[in-house]
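Subject: Handing over the two-chain model

Dear colleague,

Please find the structure below, together with its sequence. I would be glad if you could look it over before reading my notes, which follow directly after it.

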Amino acid sequence: MEKVLQFLSGIRWQDVVDIGLNSYILFRFYVLFRGTYVFRVLIGLTMLWFFQQMASYMGLIVTSWVVQGIVAVAALIIVVVFRNEIRSVLQARNFRTILWGFTSKTRIAPIDIIAECAFELARRRHGALIVMPGDEDIQELIQSGIAWNGDISREMILSIFYPDNPVHDGAALIEGDRVARAGVILPLSRREDLPSYLGTRHRAALGLAEATDSLVIVVSEQRGEVSVAKGVRLQTIGSPRQLAEELEEHFGIADEQSLPAKKERVEVTTAALVSLLFITGFWFSISRGLETLVTFDVPIEYQNRNPNMEIVHASVNAVRLNLSGSGTLVKSTRSDQVRVRLDLSTAAVGQNDFAITASNISLPPGLVLKNVNPQSIVVDLDVTVRKDLPVQVDWAGRLSENLILAEATVDPSRVEIAGGKRILENLQTIYTEKVPLDRLREGVGVIEVQLAIQPASLKVASGSNEKVAVKYLTRRRD
Amino acid sequence: MVRKCCLVLGVWWLLSFSGAWTAQAQAPPRGGANSGASKLALVQALVCEDVKEGIPSNPAIAFSISAGKIYCYTLFDQITEDTVVYHHWFFRDKPSARIRLSVKHPRWSTFSSIQLREADKGPWRVEIIDAGGRLLKNLRFSVTD
């Protein structure tokens, strides 16, 4: 119990927001893409990823490698192949729909219109077959037909079954509030106990009803009767009200709340819970799994330095940070994500002591600072000034025994140096880098030499050159 | 008397061995009248390997440590009255020796020297300064292998 409390107390409000936000994003993906091929492929990819993780955990090297390759390529393929579906989801819907709107998957057919149309067709002695699918898939049982995809209206149904219409002999397939197909051919019932006066239309209605959980409305052309085929039952319907009740029963519409709506609500709630559980598990596997210690050597960044001052010397240039976090987080942490910043706005000329605290250190979320070394640094600041100094050649090595280096002139003979006032006050000469004497030949020569400016905090002022030309004269010894 | 002589010789040897200075003055090449004003003109200033009989030999700007000793030679003219000059030796801009030398009316040459040690390799300079502290010349040279 104590461990659980300790564990819960370690969760920050940012973690709760993190889990909540990502759960919602996953849930919204489900809401936006459910029913599409994209969603099915995404589920497939997720399963492949789990398979890869399992293979990796079990040490199946080649399997893990192959699945990883498939997942990597599949992620690319899904974007290319399903770009139209993704675009239609993101473009066709408004911002509100994408963020929090719900589009009902189940749409209820307008029962009253269908019931009235059936009796109007019967009155006109126009034969009709109207299929109301249930939960079972009927695609393998029906044949032919043409895609219609029109909103249900009285005029549309009457026109489909108008005798001169080419599709009037087939059945109309109702999906939700739309006529999905017309002129559909249904399988015929093979029952032998049916009355002889029932024609092909009634046998077709019973053929589909027997094989599936669909309800089929049949309008008899000869007798002007409306019947309903459901299961093995063929029932003659006396009034639009009775037909409407049959349809309501078929669609499971209760007094106030429909079953499909309930089913959808359960489905959405389940999806939300699965999203939450999935992200929570994923979050814990990343942020709490396998505590790992790591050490970073981080260079110190100085901020808010007075532009008139410069750092002459710092006791250290980098600090060593001991960090802990989950192995996944530690592995994915880049060195540029860990920073140590020192605010020099309060610093004065001379030596300044600064303590390195957590407020100076920025870490990626999930990593915890365990130790800092050193815990304080000394920064020596000075006012920046310029000073004109003579240049002297720093000869080194050994000249040939019979030669003497008689003269040398430096061009330019003086350079302007910028740097800390206290350093420049004690500096009288700028030396060149060491110039080896054994390179000199007898007579006059010119060599180009780099200045050796020490300490490193000093710089050649703008306008001065960091190289000088040395013209020398050697002569034979007396 | 012998003890005094030994003491003087000992001090001289110590100063010479530790890289301290020696200073010598000698009679000017030519005589002249004393004008009574404390002025002088630096005619020649150089660093050389040796000074023999008042004449500098092998003046240069780079000297091997094997030379053992180097000299700063200065020649003054138009000296209005007896005065002093200073040879201020610097190694890497840090004072190494400050030698006070007498100069006499009307023309005078004088020199100072340092004993070289292994640690003396590097850039040197000698400031020639008159009695009033005026910088007359800055000689730059190096001690090398």
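**A loop residue in chain B**

Arg92(B) counts as partly exposed, because 15 C-beta neighbours lie inside 10 Å of it. Please keep in mind throughout that this is a predicted model. Arg92(B) sits in the loop between β6 (83–91) and β7 (94–103) of chain B, and although Arg92(B) is not a glycine, its phi is positive, at about 50 degrees. When residues up to four places away in sequence are not counted, Arg92(B) touches Gly122(B) and Pro123(B). Pro123(B) is 31 residues away from Arg92(B) along the chain, while the C-alpha atoms of the two are separated by 5.7 Å.

**Other backbone features to check**

Glu53(B), which belongs to the loop between β2 (41–52) and β3 of chain B, is a residue other than glycine with a positive phi, near 55 degrees. Is Glu53(B) buried or exposed? Glu53(B) is exposed, because it has 6 other C-beta atoms within 10 Å, and the cut-off for that class is 12 or fewer.

Chain A has 478 residues, of which 21% are buried, and contains 13 helices and 21 strands. Of the contacts in chain A with a separation of 6 or more, 70% are accounted for by residues 24 or more positions apart.

Chain B has 145 residues, 30% of which count as buried, and contains 1 helix and 10 strands. Read from the N terminus, the order of elements in chain B is α-β-β-β-β-β-β-β-β-β-β. Of the contacts in chain B between residues at least 6 apart in sequence, 69% join residues at least 24 apart.

**Where the chains meet**

How many residues of chain B are in contact with chain A? There are 13 of them, in contact with 18 residues of chain A. On the side of chain B that touches chain A, the elements giving two or more residues are β3 (55–59), β4 (62–64), β9 (122–130) and β10 (135–144), and β10(B) gives the most, with 3 residues. By type, the residues on that side of chain B divide into 4 nonpolar, 6 polar and 3 charged.

Helix α7 of chain A covers residues 111–124, and at 1.5 Å a residue its 14 residues should span 20 Å, which agrees with the 20 Å between its end C-alpha atoms. The buried residues in α7(A) are Ile111(A), Ile114(A), Ala115(A), Cys117(A), Ala118(A), Leu121(A) and Ala122(A). Seen down the axis of α7(A), these buried residues fall within an arc of 165 degrees, so they line one face of the helix. An α-helix has 3.6 residues a turn, so residues three or four places apart point the same way. The buried residues of α7(A) pack against β1 (128–132), α8 (154–160), β5 (215–219), β6 (226–230) and α10 (240–251) of chain A.

The largest nonpolar core has 41 residues, and those touching the most other members are Ala118(A), Leu129(A), Ile130(A), Val131(A), Ala172(A), Ala205(A) and Val216(A). The element that gives the most to this core is α7(A), with 7 residues. Ile130(A), leaving aside its neighbours within four places in sequence, is in contact with Ile114(A), Ala118(A), Ala171(A), Ala172(A), Ile174(A), Val216(A) and Ile217(A).

With best wishes

How values were computed:
Residues numbered from 1 in each chain as written. Chains lettered and ligands numbered in written order. Predicted model: local features only at pLDDT ≥ 70, side-chain atom pairs only at ≥ 80, totals over all residues. Contact = placed C-beta atoms within 7 Å. Helix = DSSP H or I, 4+ residues; strand = E, 2+ residues; numbered from the N terminus. Nonpolar A, V, L, I, M, F, W, Y, C, P; charged D, E, K, R; others polar. Buried ≥ 20, exposed ≤ 12 C-beta atoms within 10 Å, placed from the backbone. Expected span 1.5 Å × (residues − 1). Arc of directions from axis to C-beta. Core = buried A, V, L, I, M, F, W, Y, C linked by C-beta atoms within 7 Å.
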